[in-house]
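Here is a short briefing for a first look. Please keep the sequence and the 3D view open as you read.

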Amino acid sequence: MTYAIEVEKLRKEFKSYSSRSGLIGAFRDLFTRNYKIIRAVDDISFKVKQGEMVGYIGENGAGKSTTIKMLTGILTPTSGKVIVNGMNPHKEREKFVQTIGVVFGQRSQLWWDIAVQESFRLLKKVYRVSDRDYKEHMEHVIETLDIGPLLDKPVRKLSLGQRMRCELAAALIHNPPLLFLDEPTIGLDVLVKLKIRQFLKEINEKYNTTILLTTHDMSDIEALCERVIMLDEGKIIYDGSLQKLKQNWGEGKQIQFQFRHEVTKEQLISLTNDLNVKWEAGEQSHSWIAHVRAQDMAEVIGKVVAAYEIKDINIRETSTEEIIRNIYEEGIVHG
Amino acid sequence: MAKYIEMIRIRFLMMLAYRTNYYSGILIYSINIGAYYFLWSAIYGGQSSIQGMSATQMTTYVAVAWMARAFYFNNIDREIAMEIKEGKVAIELIRPYSYLGMKMMQGLGEGIFRLFFFSVPGMVIVGLIFPLQLTTNLHTWGYFAISTLLSFMINSQLNLLAGVLTFFTLNGEGLLRAKRFVIDLLSGLILPISFYPEWAQQLMKYLPFQGISYIPSMIFTESFTNDEILQGLLFQAVWVIILVIPIQFLWRIAKRKLVIQGG
């Protein structure tokens, strides 16, 4: 089995300068500067198989982007081993980048002032894609992403959603076996998001493209990735299937009751004291949320409905977002 | 190679998108040339020649020097500085090409654009207003073309060097301004090198700047003998090669030290 990405004890440290305060401090900064070493990525190791779709998640500043930059050969690691597509990204940069596609959601890689198709044409030359391959592959991409009508417009006239679809197409011109997506759906509306997800699934199935995705939008991960790698302060705190993460952390249900009249927490607790229920105030008045195990759900509802007058009931599963939030709050992943 | 040629084409297209900027540029250059023309007319007074150059040769020198500047001048130093500052250089590093080579080609695309939309119409306008002496000798035009291309390369390399230096300072505005001023002064754009004091001329033999403006302009005004022309071209070619070394050296360090700003 060959791996698309192999990372071992990867570390990246930055020197971070801090300014002294005041005028005198500024003068002193001219001569000597205070700095401390910040470890953005701290000895992480993981492997990704060809054809896998992996969600790489973490809070802002957790080290996601730094990892991606090392994997794409932009940054040199401080220490550790990186092998991507069988190559060392930094050493064989020009040969290596031929085998990857990258989309940075916050940064355009199309040329701002010229029509999209001119950018495509340049990239086609840059990646030395033959006319035949281009036609065969890109016609499909352009059609699926529905960007045909945008090709003759300059990039600066496109909306964010339109631009993002073009960016994605641009990253795929050379049909790379490995695709890095750094927050590709940031700021996009639901329809565009759905289209992009659909498209990513399709190329993954068709070409067995490996995809590493960072995002803050958990619905992206849920829709696309079976595996997630979770990062916190430069360390991997979870690496495994999304399913398992949900089972371990999100097995309970939430029931939201909207009462007609005021009910106190004490009343609710005494009502359900023989069951394992956690009560929490809802956002609206007279509304309470019960966190219960799935097997207790019917009994809790039965008791509450019998005792109080109810306007509305809502049952939800714990969302992935809440799971992630819980994990970050507690810091470690059990199991 | 095709990708580099494509880049020239793209840059040409980009310049075309903003072509109106250039018509005002012609006016500014014409005013500059006019100012120097009147200055030099006053300096010459009744004399027929100074330092072996006639007043007409001098006017031609000034006009050609400014119009050649339109070709060799580019803003790739500023672009590199900006791309570093905004972190866009990350995008450039995930492309299978040499970043600096691509920048050079963009400069060339810009230069070719200015040559057609700026220098040529500008020269026609200036030629109508001031007495110029445009040679009909094809050899001179040929040497001039080679020399201007080399001057483009020297100037662009200096731009690359200045741009890469901003990797280390992260805010290189002052550096770039100083570089621009030094080049305008020492390249012979404002004053031909032969007008500088002897010691300064000696010193400038060891600097690349006269290869940017002085040599091509002297060739064009036929102020150089054949020997001097060949020496001049050799001087330029040698500097093109020498400058590769510090650029590659600094670029290698810069890439290793690279900190992508802003995420």
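The notes below cover a sheet, an interface and some annotated spans.

This is a predicted model: local features need pLDDT of at least 70, side-chain atom pairs count only at pLDDT 80 or more, and totals for chains, interfaces and linings use all residues. Residues are numbered from 1 along each chain as its sequence is written, and chains are lettered from A and ligands numbered from 1 in the order in which they are written.

**The sheet of chain A**
- Three strands form an open antiparallel sheet in chain A, in the order β2-β1-β4. (Strands are DSSP runs of E, at least two residues; helices are runs of H or I, at least four; both are numbered from the N terminus. Two strands pair if DSSP finds at least two bridges between them.)
- β2 (34-49) and β4 (79-84) of chain A are the edge strands, each pairing on one side only.
- Strand β1 (residues 3-18) of chain A pairs with β2(A) in the antiparallel sense over twelve bridges.
- A:Glu6 has A:Lys47 in β2(A) as its bridge partner.

**Where the chains meet**
- 23 residues of chain A are in contact with 21 residues of chain B. (Contact means C-beta atoms, placed from the backbone, within 7 Å.)
- α1(B) gives the largest share of the side of chain B that touches chain A, eight residues.

**Annotated spans of chain B**
- An unreviewed UniProt entry lists "transmembrane region" for several spans of chain B, including 21-43 and 233-251. (Positions use the numbering given here, feature names are shortened, and annotations may be inferred rather than shown by experiment.)
- Residues 21-43 of chain B are 100% helix, with end C-alpha atoms 34 Å apart.
- Residues 233-251 of chain B are 100% helix, with end C-alpha atoms 27 Å apart.

Note on methods: Two residues are in contact if their C-beta atoms, placed from the backbone, lie within 7 Å.
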